[in-house]
Amino acid sequence: MASKISLLGAIFLVLAVTLSYIERAESKHTAFEFIGHLKGCHKGQNVTGVHQLKQYLHKFGYLDTNTTKRNHLRFFSNHANDDLYDDVLESAVKSYQQHHHLKVTGTLDPETVKEMTKPRCGLPDIVNNKNHDHHHHNNRKLYRFFQGNPRWRKSRLTYKFRSIANSASAESIRSICARAFEKWAQVSHFTFQEVGESSTADIVIGFHVGDHGDPYPFDGPRGVLAHAFPPSTGLLHFDGAENWSMNPGQNEVDLESVALHEIGHVLGLGHDDTVPDAIMYSTFSYGLTKRNLHPDDIQGVRALYGLS
């Protein structure tokens with residue numbers, strides 16, 4: 001099914017693998033390490049690095065400029081680069097704690113720091129589409145869709161690889177991603193087929209390092225692992241600076257687990273932060289494997305596409 005790598009593609013692969021290796025070897029700090037240095041911070045303090053926390057919470061959906069204006073709080077746009085732990089930041093931290101079922105203190109307590117420093121997907125946690133949340137009998141919110149419920153208007157989807165930067169072989173990567181696509185195909189009406197790199201495809205997959213041409217540059221090891229775009233953009237990007245593996249050890253990331261998650265986004269599912277076992281849960285861990293779709297993942301994709 002998969003086409004052979006062209007000579008040009010093979011040359012790019014060698015260069016990209018080398019770049020990825022150098023990136024990991026030379027990196028002295030992990031992407032979310034700064035949060036650990038802020039442990040114990042609370043409102044009223046002015047601590048070096050707090051501006052990075054503001055950027056983190058803004059990036060992942062907890063610091064919303066419009067919301068802060070409605071509440072007559074300090075404008076995030078005016079204080080994004082200062083280190084004051086102000087009312088706006090405290091409110092955002094409380095929102096994060098509530099969303100992740102932590103004790104709501106507004107302070108960077110140890111449990112909050114532990115959750116924030118986990119490697120994760122690059123998409124925001126909060127999707128403003130409450131009318132389409134699913135509920136259990138106890139009314140807990142589960143799967144979510146993107147704003148406006150974007151979905152594919154066809155069931156036969158093609159995908160291709162634009163770039164691969166990884167220590168695993170290209171064929172192994174193709175095999176792992178094919179397996180992840182097939183797991184979604186088994187619970188939905190979709191079929192997925194890989195096409196050659198010169199072909200037009202619905203979904204384009206790439207391994208990239210740092211700034212790679214979209215508005216969301218990667219941040220290096222142990223930060224954002226990957227990101228994907230909702231239908232029908234069809235872009236799925238992995239951070240090539242991460243230590244990807246098909247059989248992860250303690251300091252490696254399982255490629256299949258993350259691929260399953262990002263394909264869920266490509267199909268239209270948002271984050272499910274109520275059920276940690278769900279594939280669509282936003283955070284992940286080195287050495288962990290999650291290779292089976294959870295009932296919430298399955299119910300989500302079937303509900304989005306009206307499948308009985």
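Colleague: What makes the charged end of Arg120 sit over the ring of Phe60?

Modeller: A charge sits over a ring if NZ of Lys or CZ of Arg is within 6 Å of the ring centre and within 35 degrees of the ring normal. The charged end of Arg120 is 3.8 Å from the centre of the Phe60 ring, so the distance meets the 6 Å limit. Arg222 is placed likewise over the face of Tyr286, at 3.7 Å from the ring centre.

Colleague: What are the ground rules for these values?

Modeller: This is a predicted model, where local features need pLDDT of at least 70 and side-chain atom pairs count only at pLDDT 80 or more, while totals for chains, interfaces and linings use all residues. Residues are numbered from 1 along each chain as its sequence is written, and side-chain values use heavy atoms, with hydrogens and water left out.

Colleague: How do you know what confidence the chain has, in terms of pLDDT?

Modeller: pLDDT is the predictor's confidence in each residue, from 0 to 100. The chain averages 84, and 79% of the residues score at least 70. Over residues 67-75 the pLDDT stays under 50, and the model has twelve contacts (heavy atoms within 4.5 Å) for them beyond four places in sequence. Residues 129-141 are also below 50, with 23 contacts beyond near neighbours in sequence.

Colleague: Why is Arg222 called partly exposed?

Modeller: Buried means under 20% relative accessible area, exposed over 50%, and partly exposed in between, with a 1.4 Å probe and protein chains only. Arg222 has 29%, so it is partly exposed.

Colleague: And His101, is it buried or exposed?

Modeller: His101 has a relative accessible area of 53%, which is over 50%, so it is exposed. It also has a positive phi, near 60°, and is found in the loop between helix 6 (87-99) and helix 7 (110-116).

Colleague: What makes Ala241 count as buried?

Modeller: Its relative accessibility is 1%, under the 20% limit, so Ala241 counts as buried. Ala241 lies in the loop between strand 6 and strand 7 (244-245). Val209 is 32 residues away from Ala241 in sequence and 5.8 Å away in space, C-alpha to C-alpha.

Colleague: Why is the pair of Tyr159 and Phe181 called stacked?

Modeller: Rings of Phe, Tyr and Trp (its six-membered ring) pair if their centres lie within 6.5 Å; planes under 30 degrees apart count as stacked, over 60 as edge-to-face and the rest as tilted. The centres of Tyr159 and Phe181 are 4.2 Å apart and the planes are at 25°, so the pair is stacked. Tyr159 is in strand 2 and Phe181 in helix 8, so the pair ties together parts that are 22 residues apart in sequence. Both residues are buried.

Colleague: What kind of aromatic pair do Phe238 and Trp244 form?

Modeller: An edge-to-face one, with 5.3 Å centre to centre and 85° between the planes, which is over the 60 degree limit. Phe238 and Trp244 are both buried. The whole structure has 14 aromatic pairs. One aromatic cluster is formed by Tyr159, Phe161, Phe181, Phe190, Phe192 and Tyr305.

Colleague: What is the largest nonpolar core, and which residues have the most contacts inside it?

Modeller: A nonpolar core is a set of buried Ala, Val, Leu, Ile, Met, Phe, Trp, Tyr and Cys residues joined through side-chain atoms within 4.5 Å. The largest has 44 residues, and those with the most contacts inside it are Trp184, Phe192, Ile203, Phe238 and Leu267. Helix 8 gives the largest share, eight residues. A second, separate core has 25 residues, among them Ala31, Cys41, Phe60 and Val88.

Colleague: Which peptide bond is cis?

Modeller: The one joining Pro231 and Ser232, with omega about -5°. Most peptide bonds are trans. Ser232 lies in the loop between strand 5 (224-228) and strand 6 (235-239).

Conventions
Helix = DSSP H or I, 4+ residues; strand = E, 2+ residues; numbered from the N terminus.
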